[in-house]
Amino acid sequence: MFEKILIANRGEVALRIHRACREMGIRTVAVHSEADANAMHVRLADEAVCIGPARSTDSYLNKPAIISAAIITGADAIHPGYGFLSENADFAEMVEKHGITFIGPTVEQMRLMGDKITARKAAIEAGLPVTEGSPALETVEDARLWANKIGYPIIIKAKDGGGGKGMKIAFSDDDIEEAYTMAKAEAKAAFPSDVVYMEKYLQHPRHIEMQVLADKYGNVVHLGERDCSIQRNNQKVIEESPSPALNEQQRREIGEIVRKAIAKIGYCNAGTLEFLYENGKFYFMEMNTRLQVEHPVTEAITGIDLVKEQIRIAAGAQLGYTQKDIQFSGHAIECRINAENPQTFVPCPGKIEEWHAPGGLGVRVDSEIYSGYQIPPFYDSMIAKLIVHAGTRNAALMRLRRALEEFVIMGVQTTIPLHQEIISQPEYLDGQYDIHWLEKFMQSKNSPTEDKGE
Ligand code: ADP
């Protein structure tokens, strides 16, 4: 087992990884920017190294500084968390070249899944269902031909895309030139390659993803699904497991398909396969080769600590259990709480004057915040994740309502009021929502012509 792990991240996920290490008897090294000198993960880690100025490109994305910190402190592994360098194959390669273990899959697997065209190809070969799609598009004419072959609407995507950038939808031949040209231009500006391709555009899908764990010896389990359809600007807001849209048989079926595909690809460590789900069918979208923000809902219903499993697998341990040992229990929901104006979503960094997190049975809060903490303006605005777990979806919703009521955060605005509103809407309560539901709900709330019945 590793003796010392460097945590190449900040915020709640740095703390999450520190906690797992501590419980495994592993020493931790925090790295931090100048702006994060007082952060909780820095205070709790065994050692801390400042790796640069506030800007992420100078610190949390600064590969040589992070690797130097690992060498100086004698860390034998690096956990990248999520975001930042977690899916950067070049970083993983550099880490391994220095004789340090990167906690994640292999560099080749990261490269395969990091490119949407090769990932789609691997998915098809491994038996995963995908939307109809094209190879790389060479010209506008090429795009038009493929769009007619697949049938409108279509979505053009950058092969190296991420964060929702470089994606354009076309509904007819009239829009195809603009969609192709703009997607290519956006890709050129944001990513290493401007190569784009096309997929059938689904109009009312849900976002349902499957969590997998695989060791280096070909053992694979799936840990069920997470429904992440409550989104804004392609950013997840609330996640739950199990999905209200699936029955037991559908869950078993997609679980088996995924398990076999992962075994065939030979993937190793924790991973998430993201699907769009519409009219009873799944369509593979992409695989995230890292820990997800929403992993705690899976931990709640399976009792498996995903971070500890990532570390054990990276150290060469066997899973030690098979699919039939995985028991799913009850229902879990996560709310991402951001320091933002809940109407406009404008970030609202500042000083936390008072902080009281909810507790009690079935309530988990993952957060780096403490009273008096100054939220720096340089990073993501998520300041806490509230996760509830109960026997049924209804009981989980009641618990979530009560926990949100107990949460006190003074000094900055947060999205807690938005969460309270969402979870009291009849469609949410009935589980009847797709990936567009939240944006439509926000529009209807903000539209002055709408009769709000007040
Ligand atoms: P990124 O890597 O940039 O996040 P994804 O491929 O994961 O891009 O897609 C991001 C989001 O775009 C999805 O969550 C979904 O809302 C939408 N999307 C992507 N592909 C399709 C599609 N074929 N049909 C409908 N919506 C899509």
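Trainee: Which strand does Ala-214 lie in?
Mentor: This is a predicted model. In it, Ala-214 belongs to strand S9, which spans residues 206-214.

Trainee: Why is Ala-214 called buried?
Mentor: Its relative accessibility is 0%. Buried means under 20%, so Ala-214 counts as buried.

Trainee: Which residues does Ala-214 touch, leaving out those up to four places away in sequence?
Mentor: They are Asn-219, Val-220, Ile-262, Tyr-267, Cys-268, Asn-269 and Ile-313. Cys-268 is 54 residues apart from Ala-214 along the chain, yet 4.8 Å separates their C-alpha atoms.

Trainee: What makes S14 largely enclosed by the rest of the structure?
Mentor: 8 of the 8 residues of S14 are buried, so the strand is largely enclosed. His-331, Ile-333, Cys-335 and Ile-337 are buried on one side, and Ala-332, Glu-334, Arg-336 and Asn-338 on the other.

Trainee: How do you know that S11 and S14 pair?
Mentor: Pairing requires at least two bridges. S11 and S14 have 4 and run antiparallel; one of the bridges links Ile-238 to Cys-335. S14 and S17 also run antiparallel, joined by 8 bridges, and there Cys-335 stands opposite Leu-386.

Trainee: Which residues have the most contacts inside the largest nonpolar core?
Mentor: Ile-230, Ile-238, Ile-409, Ile-422 and Tyr-428, in a core of 39 residues. Strands S11, S14 and S17 are among the elements that each supply at least two of its residues. Another core, of 29 residues, lies apart from it and includes Cys-268.

Terms used:
Residues are numbered from 1 along each chain as its sequence is written. This is a predicted model: local features need pLDDT of at least 70, side-chain atom pairs count only at pLDDT 80 or more; totals for chains, interfaces and linings use all residues. Side-chain values use heavy atoms; hydrogens and water are left out. A nonpolar core is a set of buried Ala, Val, Leu, Ile, Met, Phe, Trp, Tyr and Cys residues joined through side-chain atoms within 4.5 Å. Buried means under 20% relative accessible area, exposed over 50%, partly exposed in between (1.4 Å probe, protein chains only). Contact means heavy atoms within 4.5 Å.
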